[in-house]
Amino acid sequence: MEKGKRSGWYLTDISLIVFIFSKVGVFKGRVEYISLAFFVILIMIYVLEKKRFCLTEQIVCYALFALYASLSYLWAWNKSFALESLKNVVALLIFLTALSCYVNGKERLLKTMKYVVVANVTVSFKILIFYWMETGSAATRIQAITGIHFNTVGQVAAFSILFSLYLYYAYQDKQYLFFIAPQYMAVLLSSSRKSILIPILGIFLILLLKRDWRNIMVAILVMTAGGLLVGSAIRLTYPEMFQELFQKFVALGAYGRGIETDDWSINLRSFFFDTGKSIFKSHPLFGIGINNFAYYVGNYTSYTVERYSHNNYIELLSCMGVIGFSLYYLSYVYIFVKLAAYIRRDRKNMELIIALSVLIDLMIMEWGIVSYSGCLYHVYILLIYQTVRYRKKLQPEVHEKSG
């Protein structure tokens, strides 16, 4: 009987591994949906057998958001646009509920985090190997190699770097530090500004929360020297990519200083921000329906192309108003308050500090990311939430084990 139980969990582990590997771009095709279905079914069997259904605060908050998002279909300006996004939200709620039942202790929390990191390391090596065999822009190459948009690949790998640090402190195992290099190299090849900045901002947040002022200065010097070294290497080996990255950051700096720029991406996002603000002013309470920002932009503005806002705050406020926005960020606020309170009492617990740093980092980057229906972003939030949940069990036992 015990052997059967173990083999059942092995199948669950494998299905989750395959799903995560598919989501980051290691595998392509329908294997993502097949592995997801297997994982959910196996968890349902486990829940029915054990009668242990795990309904966490995170799941309750997202369920309330999903319910309200479904209601927004009733007043959506275009119902087909609304339905398209609702499918993702409902599927994500089912997966997150199953994953919460799976992560029922510190060991599964760390195991799931390892799956995420190893998957991102694997796809990073895939990018490093095949990048030079493709032609065209960085975006085209990343898309061809992984089948996923270059921004998503870069951002997911960038946050995974911070989870590599988390695992290093949890296990005191230096192999997780070595995982950082290939992931950041892949992030650089993505040529995504946000992706490049995510680990840098995350490390500074970790040091700030730890109040490690001396190491903040050391980090600035190391990052400056490392940036110059890596930049010089890229300029020598791939001058086109260096020029592309350089121009992107020059434009970002100009935008930050309030100077006009000809960077189409920045200008487009600025236009989306103004459009979303206008929608919100006209429909502040309920919005115009989930995923209908794209419909509005394509049919009621001079842009005439149906695209989402590239800003989670604007997307939620314009599509679902203050109510939808508040319901979505309820779980963020809950996790933030809990983590901040625990860190105030114990600034030596690096797992808690890294978890809060990742959450703040994500909230800052959501100014340029629409994440409310993004699967891996919510897996990351679940890992942060579970860090809060198992904070008392996490550090001592793991350190004993590794010691």
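Buried means under 20% relative accessible area, exposed means over 50%, and partly exposed lies in between (1.4 Å probe, protein chains only). By that rule, 53% of the 403 residues in the chain are buried. This is a predicted model, in which local features need pLDDT of at least 70, side-chain atom pairs count only at pLDDT 80 or more, and totals for chains, interfaces and linings use all residues. Residues are numbered from 1 along each chain as its sequence is written, and side-chain values use heavy atoms, leaving out hydrogens and water.

View 1. Helices (H or I, at least four residues) and strands (E, at least two) are DSSP runs, numbered from the N terminus. Take contact as heavy atoms within 4.5 Å: among contacts between residues at least 6 apart in sequence, 76% join residues at least 24 apart.

**View 2. F95 sits in the largest nonpolar core, which has 108 residues.** Such a core is a set of buried Ala, Val, Leu, Ile, Met, Phe, Trp, Tyr and Cys residues joined through side-chain atoms within 4.5 Å. F95, L99 and Y102 have the most contacts inside this core. Setting aside neighbours within four places in sequence, F95 touches L16, F19, L36, F39, C375 and V379. A second, separate core has 11 residues, including L128, Y131, I148 and A186.

**View 3. Here is N292, in helix 14 (residues 292-300).** Is N292 buried or exposed? N292 is buried, because its relative accessible area is 0%. Its side chain makes polar contacts (pairs of N or O atoms within 3.5 Å; within protein, one must be able to donate a hydrogen and the other to accept it, and residues adjacent in sequence count only if both atoms are side-chain atoms). The side chain of N292 reaches the backbone nitrogen of N78 at 2.6 Å and the backbone oxygen of I290 at 3.0 Å. Beyond four places in sequence, the contacts of N292 are A76, W77, N78, F81, A82 and C319.

View 4. Most residues other than glycine have a negative phi. S191 is buried at a relative accessible area of 0%, and H310 is buried at 10%.
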